[in-house]
Amino acid sequence: MRRLLTPALLSSVLIASLVLTGCGGRADGSPPPGTSDQTPAGNITEPGGQDPAQEPGGSADPGQEPGGSTGENPEPGGSGGLGGEQEPGDVEPTDPAGEPSQPQKPVRTMPNPVRGLHLSGWYAGSPDLVWPLLDWAWEAGINTIVLDLKAEDGYLSWESNVPLAQEIGANLAKIRDLPAFIAEAHERGFWVAGRIVVMNDQWLYKARPEWAVPGFDGGAYSFMDPANENVWTYNIDIAKEAIAAGVDEIQFDYIRYSEHLRDGYNGKDTTAEYRTGNINAFLRRAMEELKPLGVVVGADLFGLTTSVAEGDDMEIGQDYRAVMEIVDYVAPMVYPSHYAPWTYGLENPNAAPYETVYNSMSRALARTEGLPIEKHRPWIQDFSLGGITYGPAEVMAQVQALRDLGIESFMLWDPSNKYTREISFR
């Protein structure tokens, strides 16, 4: 009989994986390269999944900047179908109600399909590194960059004028001139998405403990209360300033409760309806305030949200279909290295990138029947972890799995921002 990991062993495996991907930060306090906002939790709906006894509260901390970390219009960019590709151009946006809106910035058409990669603020702010990377990326067929606006460390990547960011010391000029960087990326042909880590925010936690979930130490892994509308306002204000600087898209990450259970927040005394209700309410408000500005809005979700039983929010407040019905696209983090042994019946999901991504996203399609396939834009793995080396074959296996399901859009995650260069997505 196939053996499932015990909660204790699973936790040990996760802690090791998070350290290796940079998720746990660095002992010297220097900025990490990025990490994953995903810890396997919840119950797979078919045999061979995760141990039903494993609860989110026993999982390892996802940690700081998305290193293992880490969307759009029902028809992205207003385009239909997956056959042709579009380059950014002019388009009239629509508001959440479907009526033409009056954007406050020139709008561009999202490429279809989206082929993206993540950029940390530090990497984007290093001209000698970022522009050679993007030269390669464009030649390889990448058309989108997902830029950290606010990462897991709670810092904004530029000198923001948002009063609360200034008050709490959240500004860090990783990028000296954000509008100039975005303009240069546009000139090179890229669609620019801005990633905002929402609920994990050490600086807001320290400055506004009354807005936070109690029980964290105020360090780099400290969660705000998803029900607190002041937290919503702060992150939406950051998004608005980034839109004014030129980003085409806002991508929200860490839109969830911590996997550590807290009574009154996501503990056993709360319900899935309560938890998902708060997450969904934030996203609805973000859509109401940001869509009239002419941008695309998406959300990053745990990879297992595609596969857990209906109604199981894993105590973190994420419901895959419900979120997809609100935002323009959903980005599940389906990194094979982040799934426990025997998930989807696979002895080692990390060693089976095609099968892991195919199983995860086929379930995503099944639970979103009737919604446009273009609204699925998964994060896939371009980093090595757990003794399995990822290179061109492993990356392309994930891409092929998506293509075989009819999903053409994806985003690459590499915590080092180096990426596999011996590859082409064209």
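In this predicted model, helix 7 (residues 229-245) and helix 8 (residues 272-290) pack at an angle of about 35°, with their axes 10 Å apart; here helices (H or I, at least four residues) and strands (E, at least two) are DSSP runs numbered from the N terminus, and axes are lines fitted to C-alpha atoms, for helices over the stretch in contact, with angles running from 0 to 180 degrees between N-to-C directions. The crossing of helix 7 with helix 8 is right-handed, a crossing being right-handed if the near helix is turned clockwise from the far one by less than a right angle, and left-handed if anticlockwise. On the side of helix 7 the contact (heavy atoms within 4.5 Å) involves Glu-229, Trp-232, Thr-233, Ile-236, Ala-239, Lys-240 and Ile-243, which meet Asn-278, Ala-281, Phe-282, Arg-285, Ala-286, Glu-289 and Leu-290 of helix 8. These residues divide into eight nonpolar, two polar and four charged, where Ala, Val, Leu, Ile, Met, Phe, Trp, Tyr, Cys and Pro count as nonpolar, Asp, Glu, Lys and Arg as charged, and the others, Gly among them, as polar. Residues are numbered from 1 along each chain as its sequence is written. Local features need pLDDT of at least 70 and side-chain atom pairs count only at pLDDT 80 or more, while totals for chains, interfaces and linings use all residues, and side-chain values use heavy atoms, with hydrogens and water left out.

Side chains of opposite charge can pair when their charged atoms come close. With a salt bridge taken as a side-chain nitrogen of Lys or Arg within 4 Å of a carboxyl oxygen of Asp or Glu, the count comes to 20 salt bridges. One of them joins Arg-285 and Glu-229 (3.9 Å, N to O), and, since Arg-285 lies in helix 8 and Glu-229 in helix 7, the pair ties together parts that are 56 residues apart in sequence. Arg-285 is buried, with a relative accessible area of 18%, whereas Glu-229 is partly exposed at 47%; buried means under 20% relative accessible area, exposed over 50%, and partly exposed in between (1.4 Å probe, protein chains only). Arg-285 also forms a salt bridge with Glu-289, the closest N and O atoms being 2.8 Å apart. Being four residues apart in helix 8, Arg-285 and Glu-289 are separated by about one helical turn, and Glu-289 counts as partly exposed at 24% relative accessibility.

A further salt bridge pairs Asp-153 with Lys-174, at 3.1 Å between the closest N and O atoms. Asp-153 is placed in the loop between strand 2 (144-150) and helix 4 (163-167), and Lys-174 in the loop between helix 4 and helix 5 (178-187), 21 residues apart. Asp-153 is buried, with a relative accessible area of 5%, and Lys-174 is likewise buried, at 3%.

The axes of helix 10 (residues 353-367) and helix 11 (residues 392-404) come within 8 Å and cross at roughly 30°. That makes helix 10 roughly parallel to helix 11, a term for angles under 35 degrees, as against roughly antiparallel over 145, roughly perpendicular from 65 to 115, and oblique for the rest. This crossing is right-handed. Helix 10 contributes Pro-353, Tyr-354, Val-357, Tyr-358 and Met-361 to the contact, and helix 11 contributes Glu-394, Ala-397, Gln-398, Gln-400, Ala-401, Leu-402 and Asp-404.

His-376 is found in the loop between helix 10 and strand 7 (379-381) and is buried, with a relative accessible area of 1%. Residues up to four places away in sequence aside, the contacts of His-376 include Tyr-320, Met-324, Met-361 and Ile-407.
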